[in-house]
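Visitor: I am new to this structure. Please show me how to read its features.

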Amino acid sequence: MNIDLDHVMKITERPPIVMVEGLGSGPWDLDGGHDLDFVRAWAGSGCGHGRRWMLEAMAAQANLLINCSPAYHNEQMAKLATLLAEGTGLAEVFLCNSGAEANEGAIKLARKWGARHRTGAHEIVTMEHGFHGRTLATMAASGKRGWDRLFEPKVPGFPKVPLGDLDAVKRAVCPDTVGVMLEPIQGEAGVFPAGDDFLRDLRKLTRELGVLLIVDEIQTGIGRTGRMFGFEHAGIEPDIVTLGKGLGGGVPLAALVAARSVSCFEPGDQGGTFNGSPLMAAIGCAVVETVSQPSFLAAVEERGRYLMERLSALSAELGHGEVRGRGLLVALELRGRDAPTVAREALGRGLLVNAPRPDTLRFMPALTVTIAEIDEMIARLRPGLA
Ligand code: PLP
């Protein structure tokens with residue numbers, strides 16, 4: 001098949017393969033290769049490709065109603081909002097289309113809350129190397145290397161502190177501070193956990209200071225760490241939680257979830273043509289109902305442990321570095337090998353892995369990955385690490 005790629009805007013380095021089909025852990029390109037996916041569309045299709053229950057939910061809703069505009073309630077929007085409110089322990093949910101949009105909404109909501117309740121406070125303390133999206137505000141909130149001079153002038157109001165440094169947070173807080181925002185595990189940075197103790201200390205501190213704790217669960221939420229939400233491991237309750245990626249099981253769906261006391265948007269403050277569409281929300285309901293089953297989450301935890309064990313053994317055998325992460329969000333630090341080169345070579349063996357740093361490989365398989373697929377991944381990875 002002759003496919004013209006010349007008119008596709010070049011927003012990232014893409015390998016010269018064209019995906020056409022997917023089932024379980026395998027997407028297939030035009031030549032039928034590349035069948036072991038440990039990237040999962042950047043963790044966006046968490047439950048695996050081509051799941052029948054997801055296709056059935058999609059088809060049933062598509063037959064009923066695809067979109068009725070956010071100007072009206074719809075059944076699926078209400079159902080998904082209820083599921084997410086019950087799951088997070090928070091009260092109000094705004095459904096949207098991408099992680100960046102959810103975080104942009106969280107920033108706007110915090111600023112509005114600050115205007116109302118903290119005499120105009122608007123700054124959000126964020127973490128060095130954090131990642132929150134690619135809109136102007138979420139890029140400013142991110143601490144990604146090389147982004148500090150991009151697309152200037154920057155949206156102001158996002159002082160940065162090192163992840164895990166509570167004293168630095170205390171020093172960064174001022175009368176203009178409205179909240180602190182972080183990921184429970186910094187995924188794009190290379191899988192660096194914030195630490196349960198740090199999250200608990202931060203919750204305590206933000207309560208004492210009367211500022212908001214905003215937890216970006218776009219990569220860690222919806223079962224990725226073996227619990228429904230990453231913050232559950234620390235036993236805390238944030239004021240605002242954002243979700244995306246796995247929530248839609250591969251379709252564009254994200255959510256901003258907030259405590260009732262923080263939910264202060266007024267008509268006109270927030271919205272968008274496709275927000276809360278019944279089709280996307282129906283798929284989100286099917287995903288949440290499936291992933292939140294205790295047996296599903298226990299299996300994620302078990303396979304995550306197995307993945308870490310296998311990677312740790314391989315790393316020890318071949319002289320590489322740390323294996324870190326939680327559940328099925330795991331990184332391997334390489335010694336003496338360039339991670340993007342290893343990822344490119346793995347592609348030649350039909351394995352998709354991702355290199356978020358020059359010395360780090362990241363593994364985000366389907367939440368339904370099997371032990372046999374993990375074994376196969378290790379076998380295909382091994383030649384590139386030796
Ligand atoms: N927040 C985190 C923690 C992410 O990992 C990402 C994407 O990688 C985003 C936000 C942005 O999500 P999206 O790409 O859906 O806009």
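Guide: Start with the polar contact: a pair of N or O atoms within 3.5 Å; within protein, one must be able to donate a hydrogen and the other to accept it, and residues adjacent in sequence count only if both atoms are side-chain atoms. Here a polar side-chain atom of K245 lies 2.9 Å from an oxygen atom of the ligand. This is a predicted model, where local features need pLDDT of at least 70 and side-chain atom pairs count only at pLDDT 80 or more, while totals for chains, interfaces and linings use all residues. Residues are numbered from 1 along each chain as its sequence is written, and side-chain values use heavy atoms, with hydrogens and water left out.

Visitor: Which backbone atoms lie by an oxygen or a nitrogen atom of the ligand?

Guide: A backbone N or O atom of G99 is 2.8 Å from a ligand oxygen. For F131, a polar backbone atom is 3.3 Å from a nitrogen atom of the ligand. How much of the ligand does the protein bury? Accessible areas come from the Shrake-Rupley method with a 1.4 Å probe; for residues, only the protein chains shown count as cover. Taken alone the ligand exposes 390 Å², and the protein buries 83% of that.

Visitor: How many residues surround the ligand?

Guide: A residue is near a molecule or strand if one of its heavy atoms lies within 4 Å of it. Here 13 residues surround the ligand, and the closest are G99, A100, D216, Q219 and K245. Sort them by class: Ala, Val, Leu, Ile, Met, Phe, Trp, Tyr, Cys and Pro count as nonpolar, Asp, Glu, Lys and Arg as charged, and the others, Gly among them, as polar. The shell then has three nonpolar, six polar and four charged residues.

Visitor: Which helix gives the largest share of that shell?

Guide: Helices (H or I, at least four residues) and strands (E, at least two) are DSSP runs, numbered from the N terminus. Helix α4 (residues 99-117) gives the largest share, three residues.

Visitor: How do I read a salt bridge?

Guide: Look for a side-chain nitrogen of Lys or Arg within 4 Å of a carboxyl oxygen of Asp or Glu. By this rule there are 19 salt bridges. One of them joins R116 and E266, at 3.5 Å from N to O. R116 is in helix α4 and E266 in the loop between β12 (254-258) and α8 (278-291), so the pair ties together parts that are 150 residues apart in sequence.

Visitor: Are R203 and D239 buried or exposed?

Guide: Buried means under 20% relative accessible area, exposed over 50%, partly exposed in between (1.4 Å probe, protein chains only). Both R203 and D239 are buried. Their side chains meet in a salt bridge, 2.9 Å from N to O. R203 sits in helix α7 (residues 196-209) and D239 in the loop between β10 (212-216) and β11 (240-243), so this pair ties together parts that are 36 residues apart in sequence. Salt bridges that share partners also join K112, R116, E266 and D269 into one network.

Visitor: What separates K170 and D167?

Guide: About one helical turn, because they are three residues apart in helix α6 (residues 166-172). K170 is partly exposed, at 44% relative accessibility. D167 is partly exposed too, at 46%.

Visitor: What about buried threonines?

Guide: T177 lies in strand β7 (residues 177-182). T177 counts as buried because its relative accessible area is 0%. A polar side-chain atom of T177 is 2.8 Å from the backbone nitrogen of C174. T138, in helix α5, is buried as well, with 0% relative accessibility. Its side chain reaches the backbone nitrogen of R134 at 3.3 Å.
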